[in-house]
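User: Could you help me learn to read a structure like this one? I would like the general idea behind each feature, and then the case at hand.

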Amino acid sequence: MQGWLNLPTFCHFLLLWAFTTFHRALGDPASYRGPHYLLPPIHEVIHSRRGATTTLPCILGTLPPSYKVRWSKVEPGELRETSILITNGLHARSYGALEGRARMRRGHRLDASLVIAGVRLEDEGRYRCELINGIEDESVALTLRLEGVVFPYQPSRGRYQFNYYEAKQACEEQGGRLATYAQLYQAWTEGLDWCNAGWLLEGSVHYPVLTARAPCGGHGRPGIRSYGPRDRKRDRYDAFCFTSTQAGHVFFVPGRLTLSEAQAACRRRGAVVAKVGHLYAAWKFSGLDQCDGGWLADGSVRFPITTPRPRCGGLPDPGVRSFGFPQPQRASYGTYCYSE
């Protein structure tokens with residue numbers, strides 16, 4: 001009968017309707033990745049400490065017919081990924097700075113988790129577990145975050161002496177590394193208030209302000225003030241360093257010592273003069289509280305306070321106080337030693 005659809009035409013419209021409905025349900029088919037073999041992680045941030053063994057979980061929901069798993073790390077500030085480990089489920093090979101320290105956990109046949117032994121400061125960052133099966137590759141990302149402490153650092157010559165590379169070296173010489181923006185932000189939430197701008201690992205320059213004031217960028221809102229990306233070779237600022245727990249311990253040797261006498265005093269005790277990072281870590285993680293200035297390896301004199309009191313620096317908050325860089329021949333201070 002005229003006006004009615006014949007069977008082929010009806011089937012054509014039915015298929016078109018079904019395709020349109022399926023398309024709307026799934027969204028853009030170009031973004032559809034097929035079956036998802038990797039399960040999403042329950043926790044995307046994994047917390048650890050320097051020297052610990054930590055696991056970054058990566059679990060398959062089912063096994064593809066054939067596959068490889070590639071672990072990589074996204075290097076902050078460098079916009080590149082570094083391969084860490086590649087496995088086909090039977091054999092694995094590690095690469096780069098984690099070679100010899102990274103391995104597969106292999107708790108069961110669906111386990112592609114990465115185990116890192118002897119965690120170092122430079123291990124912190126974002127990691128990617130990528131499943132490569134020759135059809136639709138997929139990945140999950142996790143962040144390894146170390147518990148630690150951020151400390152501002154400047155040399156004996158005064159403020160704003162470091163370009164980026166010198167700041168990076170200075171932090172490493174003091175038992176730390178340049179802090180990331182996330183680490184500086186965390187330190188700010190915990191009370192870090194500092195007016196001098198310093199380099200961060202990403203190559204940007206910032207300083208944290210809790211109490212806005214005229215000599216510290218003007219009266220604005222508290223927060224992380226930014227100078228933005230700077231020229232890494234030409235521009236000069238201080239450094240914000242980051243350190244974590246340590247294998248050894250810090251102890252104080254009293255006396256009225258010169259810097260060379262302080263070095264000898266530590267050697268007699270089977271130790272070395274502590275670095276600035278050692279002292280901050282002992283203050284942060286071991287609760288070191290000593291109301292006496294002591295020499296450190298860089299020639300500065302500092303002391304750590306966990307319980308503020310009137311006759312011990314006079315400031316209301318815990319922290320590591322500094323007397324700056326006295327003359328090395330001045331016999332007026334004890335020393336802080338570090339022993340493994």
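User: Is G287 buried, partly exposed or exposed, and what is its relative accessibility?

Analyst: Buried means under 20% relative accessible area, exposed over 50%, and partly exposed in between (1.4 Å probe, protein chains only). In this predicted model, G287 counts as partly exposed because its relative accessibility is 39%. G287 sits in the loop between α5 and β18 (294-295). Helices (H or I, at least four residues) and strands (E, at least two) are DSSP runs, numbered from the N terminus.

User: Which residues does G287 touch, not counting those up to four places away in sequence?

Analyst: Contact means heavy atoms within 4.5 Å. On that basis G287 touches A282 and T306.

User: What should I know about the numbering and the limits of the model?

Analyst: Residues are numbered from 1 along each chain as its sequence is written. Since this is a predicted model, local features need pLDDT of at least 70, side-chain atom pairs count only at pLDDT 80 or more, and totals for chains, interfaces and linings use all residues, while side-chain values use heavy atoms, with hydrogens and water left out.

User: How do I read the pLDDT here, and where does it stay under 50?

Analyst: pLDDT is the predictor's confidence in each residue, from 0 to 100. The protein chain averages 87, and 88% of the residues score at least 70. Residues 1-5 stay under 50, and the model has 2 contacts beyond four places in sequence for them. Residues 10-35 are also below 50, and that stretch has 9 contacts beyond near neighbours in sequence.

User: Is R302 buried or exposed?

Analyst: R302 is buried, because its relative accessible area is 7%. Its place is in strand β19 (residues 301-305). Leaving aside neighbours within four places in sequence, R302 is in contact with several residues, including Y153, D292, R321 and Y336.

User: With which side chain does the side chain of R302 make a polar contact?

Analyst: A polar contact is a pair of N or O atoms within 3.5 Å; within protein, one must be able to donate a hydrogen and the other to accept it, and residues adjacent in sequence count only if both atoms are side-chain atoms. For R302 the partner is the side chain of S300, at 2.9 Å. T143 is buried, with a relative accessible area of 15%.

User: What is the volume of the largest pocket, and which residues are closest to its centre?

Analyst: Rolling a probe the size of a water molecule over the atoms shows where empty space is left. On a 1 Å grid over the protein atoms alone, a pocket is an open set of points where a 1.4 Å probe fits, with protein on both sides within 12 Å along at least five of seven lines; lining residues have an atom within 4 Å of a point. Grid points are joined across faces, edges and corners, and a volume is the space filled by probe spheres set on the points. The largest pocket has a volume of about 1100 Å³. Of its 39 lining residues, V150, P152, L192, Y280 and W283 are the closest to its centre. β10 gives the largest share of the lining, 6 residues.
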